[in-house]
Amino acid sequence: QSQLVESGGGLVQPGGSLRLSCTASGFTFAYYNIGWFRQAPEKEREGVSCISHSGGSSYSADFVKGRFTISRDNAKNMVYLEMNNLEPEDTAVYYCAAAHRFRISTLQAMCGGEFELTGMDVWGAGTLVTVSS
């Protein structure tokens, strides 16, 4: 069974840092683009950052540019989201998702403002990040 499992969420103070991890199993990880998405209470799910199947390209939403960095290690079937200078507005459940590289035209299409939830092949269950004093 194809599966993604997130970890690393928790409580952090404003200005702090956190690293999220996503572990894949049950599919050929290196064939899939991977994205991080988040959903705050009473808001729609939004794309945060996506990375190509090889790790050679990435896309990040404007609200995290300069603060968050996405990376992957295909040998370990893992993708990471390094989050720095966290703000209360970053509080949300963070999800990772996978889409086969042949299904995605561009990384912006995968996790930009017009992405579709049904366009992903696999979703994780999410991990909660709370930024508060």
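In this predicted model, Asp121 counts as partly exposed because its relative accessibility is 36%, and Arg103 is likewise partly exposed, at 42% relative accessibility. Asp121 and Arg103 form a salt bridge in which the closest N and O atoms are 2.5 Å apart.

Another salt bridge joins Arg67 to Asp90, with 2.8 Å between the closest N and O atoms. Arg67 sits in the loop between β6 (58-60) and β7 (68-73), while Asp90 belongs to the loop between β8 and β9 (92-100), so that the pair links distant parts of the chain, 23 residues apart. Arg67 counts as buried because its relative accessibility is 10%, and Asp90 is buried too, with a relative accessible area of 1%.

A salt bridge also brings together the side chains of Glu46 and Arg38, at 2.9 Å from N to O. Arg38 counts as buried at 5% relative accessibility, whereas Glu46, at 30%, counts as partly exposed. Arg38, Glu46, Arg67 and Asp90 are linked in a network of salt bridges.

The largest pocket holds about 210 Å³ of space. Among the 13 residues that line this pocket, Arg38, Ala40, Lys43, Glu46 and Glu89 are the closest to its centre, and the lining as a whole has eight charged, three nonpolar and two polar residues.

Turning to the strands, β3 (residues 18-25) runs antiparallel to β1 (residues 3-7), joined to β1 by five bridges, with Val5 opposite Thr23. Six bridges join β3 to the antiparallel strand β8 (residues 78-83), where Leu81 is the bridge partner of Leu20.

Notes
Residues numbered from 1 in each chain as written. Predicted model: local features only at pLDDT ≥ 70, side-chain atom pairs only at ≥ 80, totals over all residues. Heavy atoms only, no water. Pairing = 2+ DSSP bridges. Helix = DSSP H or I, 4+ residues; strand = E, 2+ residues; numbered from the N terminus. 1 Å grid on protein atoms, 1.4 Å probe; cavity = no way out; pocket = protein on both sides within 12 Å on 5 of 7 lines; lining within 4 Å. Points joined across faces, edges and corners; volume = space filled by probe spheres on them. Nonpolar A, V, L, I, M, F, W, Y, C, P; charged D, E, K, R; others polar. Salt bridge = Lys/Arg side-chain N within 4 Å of Asp/Glu carboxyl O. Buried < 20%, exposed > 50% of the residue type's maximum accessible area, 1.4 Å probe, protein only.
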